[in-house]
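Okay, thanks everyone, let me put the model up.

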Amino acid sequence: MSEITENKETLEKQKAEADANQESNNEAVEQEEVLAEDAVEEVVEVDVKEAKIAELEAKIAEQEALYLRLRADYDNLARRSRLDREAAEKYRAQSLLTDLLPVIDNLDRALLAEANVEEKSPLYKGVDMVYRQLLDATAREGLEVIEAVGQPFDPNVHQAVMQESDSEQQPGVVLKELQKGYKLKDRVLRPSMVSVND
């Protein structure tokens, strides 16, 4: 009986050890499961963080592109405004000079009519003086006479209203100026009305 008791005790010890081993295995499995769950959660968190980072980087890139477009638009607007101001300053007298062109034409005609008389009257001298002062004042603002007679025809500054034949001149050369043309700096205010050699 003592042998049975010993065997029973041995079996109980072995069973207790097996139970202890089983519990420790269960604890180890539980710890591994917890660790695995933690690892999965960390991977999911990393994936979520990476997705958020990618989304934020895309938003930043979009905002940078928008900023660059707005900056370019602003720079273009500033440049256009500056060019408009410069043009307005450069051509500020255009309206006045355009209105004065008929006055200059009439004074020019008056001087041509009186030029046939041998002795210049005081009226002629006075008109000539006013004409020259007017030309000087307009020249200071940038008004220039367009050269026509003897020049090759240029449709940008000449308006052909007649054609004539002159065998001594080359074809396409301006023979007569019927009305003077004027430029304001580099802008044509009125083209010269001319007769061109055909």
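So, Arg190 is buried, at a relative accessible area of 15%, where buried means under 20% with a 1.4 Å probe and protein chains only. Quick caveats: this is a predicted model, so local features need pLDDT of at least 70 and side-chain atom pairs 80 or more, while totals for chains, interfaces and linings use all residues. Numbering runs from 1 along each chain as its sequence is written, and side-chain values use heavy atoms, with hydrogens and water left out.

Arg190 sits in strand S5, residues 187–190; strands here are DSSP E runs of at least two residues, and helices are H or I runs of at least four, numbered from the N terminus. What does the side chain of Arg190 make a polar contact with? The side chain of Asp105, at 2.7 Å. A polar contact is an N or O pair within 3.5 Å, one able to donate a hydrogen and the other to accept it, and residues adjacent in sequence count only if both atoms are side-chain atoms. The Arg190 side chain also reaches the backbone oxygen of Lys180, at 2.8 Å.

Now the largest pocket. Asp105 and Lys180 are among its lining residues. By pocket I mean an open set of points on a 1 Å grid over the protein atoms alone, with protein on both sides within 12 Å along at least five of seven lines; lining residues have an atom within 4 Å of a point. Helix H2 (94–114) and strand S3 (174–179) each supply at least two lining residues, and H2 gives the most, with four.

Technical notes
1 Å grid on protein atoms, 1.4 Å probe; cavity = no way out; pocket = protein on both sides within 12 Å on 5 of 7 lines; lining within 4 Å. Buried < 20%, exposed > 50% of the residue type's maximum accessible area, 1.4 Å probe, protein only.
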